[in-house]
Amino acid sequence: MASYAAWLGPPPFERLGIRDSLPADVAVRIRWWEGPGQMWVESKVAEDIALAWLGRVTTNNEWKYGAAAYLRSRIVEQLFDREFFLKAHRYDGTCFFGCYVGWSFRSLPLDRSAGGGNRMGAAFVALERELGWPTLQGALRAAASGLTTDPIAAMSAATGRDLAPVFAEASSGGLIDRAISMSSEAGSCASPCYRTLVSIAPAGAVPFPLLVRLSFSDGQSIEARWDGRRDRLEFESAAPAIGAELDPDRVWLLDRNLLNNARVPPRETNVPVTKWMARWIVWLQDAILTHTFPV
């Protein structure tokens with residue numbers, strides 16, 4: 001409640017009821033398979049309180065539920081930081097052998113890059129990375145104030161940028177996939193020079209300019225912004241290009257196929273054997289401690 005008041009302003013309600021059954025402003029039912037380390041109750045309460053705070057937004061339910069999922073992830077992240085070493089909460093989880101063997105606790109909604117499992121929530125995370133939290137927080141406060149019927153227009157006015165394309169792409173429901181390709185060849189000049197062509201497909205409008213990073217064999221790199229108005233970028237350099245990356249800092253989170261967002265030089269092997277072996281050993285230790293009984 002204190003965090004929401006700081007982020008969104010005074011609450012639009014006088015009181016809030018939390019019970020384990022309806023009717024209630026926040027109804028929380030604990031399911032038998034939800035372990036205490038998952039913070040499921042905290043997540044549900046945090047999201048429903050956010051929805052109550054955003055109750056004045058009545059014209060765009062998709063935006064409202066996405067904002068609630070995003071704000072919930074921030075709250076749970078704070079709670080987890082305070083509780084992790086006290087109650088042994090787990091943050092990681094995976095399934096093996098068709099999910100018949102898994103961690104003792106499922107994953108927690110801690111990583112804001114997932115936006116609380118909501119596409120619109122992921123758009124808010126992308127805006128946080130693009131604009132910064134103080135700017136996004138001010139925009140959310142303006143949208144939740146109830147002084148406008150269009151929350152997206154209120155956020156655009158507060159930031160001075162047109163944010164409608166960001167939420168339009170998030171609500172489209174389609175698979176978003178932008179791929180990058182690169183070709184480098186020697187140029188026709190007196191001194192050694194190379195011409196590199198970076199192509200991005202599909203072309204078209206993007207929510208906000210994405211970063212393109214090009215690396216060269218001499219250890220140098222260069223960055224440029226791609227705004228979607230053209231489908232290719234050209235570079236000239238003294239050394240040949242060896243790698244290209246689209247959105248290397250992972251700002252736009254709705255591109256689901258990250259494998260075609262970079263062109264890197266081939267490595268000796270692409271199998272991180274040590275990494276996966278260490279992960280499996282940690283899982284095995286956890287499984288043994290959880291599923292065995294003292295003699």
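Student: Which residue stands opposite arginine 213 in E10?
Tutor: In this predicted model, arginine 213 has glutamate 245 of E10 opposite it. The two strands concerned are E7, residues 210-216, and E10, residues 241-246, which pair in the antiparallel sense over five bridges.

Student: How many bridges hold E10 and E11 together, and in which sense do they pair?
Tutor: Strand E11, residues 262-263, pairs with E10 in the antiparallel sense over two bridges. Within that pairing, arginine 263 of E11 is the bridge partner of alanine 244.

Student: What's the strand order in the open sheet?
Tutor: The order is E8-E7-E10-E11, four strands with antiparallel pairing. Strand E8 (221-226) and E11 stand at the edges with a single partner strand each, so one side of each has no neighbour in the sheet.

Student: Switching topic: how many aromatic pairs does a search of the whole structure find?
Tutor: The search finds ten aromatic pairs. One of them joins tyrosine 70 and phenylalanine 124, whose rings are stacked, with 5.8 Å centre to centre and 15° between the planes. This pair links distant parts of the chain, as tyrosine 70 belongs to helix H3 (residues 61-87) and phenylalanine 124 to helix H4 (residues 119-131), 54 residues apart.

Student: Is tyrosine 70 buried or exposed?
Tutor: Tyrosine 70 counts as buried, because its relative accessibility is 0%, and phenylalanine 124 is likewise buried, with a relative accessible area of 0%.

Student: Then what about tryptophan 280 and tryptophan 283, how are their rings arranged?
Tutor: Their ring centres are 6.4 Å apart and their planes stand at 40°, so the pair is tilted. Both tryptophan 280 and tryptophan 283 lie in helix H8, residues 273-291, where they are three residues apart, about one turn of the helix.

Student: Why does tryptophan 283 count as buried?
Tutor: Tryptophan 283 counts as buried because its relative accessibility is 7%, and the cut-off for buried is under 20%. Tryptophan 280, by contrast, is partly exposed, with a relative accessible area of 36%.

Student: Which residues do ring pairs link into a cluster?
Tutor: The cluster takes in Tyr4, Trp7, Phe13, Trp53, Trp63, Tyr70, Phe124, Trp133 and Phe167.

Student: Over which rings does the charged end of arginine 74 sit?
Tutor: The charged end of arginine 74 sits over the ring of tryptophan 7, 5.3 Å from its centre, and also over the ring of tryptophan 133, 3.7 Å from the centre of that ring. Trp7 and Trp133 are both among the residues of the cluster.

Student: Last topic, cavities: how many of 30 Å³ or more are there?
Tutor: The count comes to one cavity of 30 Å³ or more, and the volume of the largest cavity is about 30 Å³.

Student: Which residues line the largest cavity?
Tutor: Its lining consists of Leu210, Leu246, Asp247, Trp252, Asp255 and Asn261. By class, that lining has three nonpolar residues, one polar residue and two charged residues. Leu210 falls in strand E7, given as residues 210-216, and Leu246 in strand E10, given as residues 241-246.

Definitions and conventions. Residues numbered from 1 in each chain as written. Predicted model: local features only at pLDDT ≥ 70, side-chain atom pairs only at ≥ 80, totals over all residues. Heavy atoms only, no water. 1 Å grid on protein atoms, 1.4 Å probe; cavity = no way out; pocket = protein on both sides within 12 Å on 5 of 7 lines; lining within 4 Å. Points joined across faces, edges and corners; volume = space filled by probe spheres on them. Nonpolar A, V, L, I, M, F, W, Y, C, P; charged D, E, K, R; others polar. Pairing = 2+ DSSP bridges. Phe/Tyr/Trp six-rings, centres within 6.5 Å; stacked < 30°, edge-to-face > 60°. Buried < 20%, exposed > 50% of the residue type's maximum accessible area, 1.4 Å probe, protein only. Lys NZ or Arg CZ within 6 Å of the ring centre and 35° of its normal.
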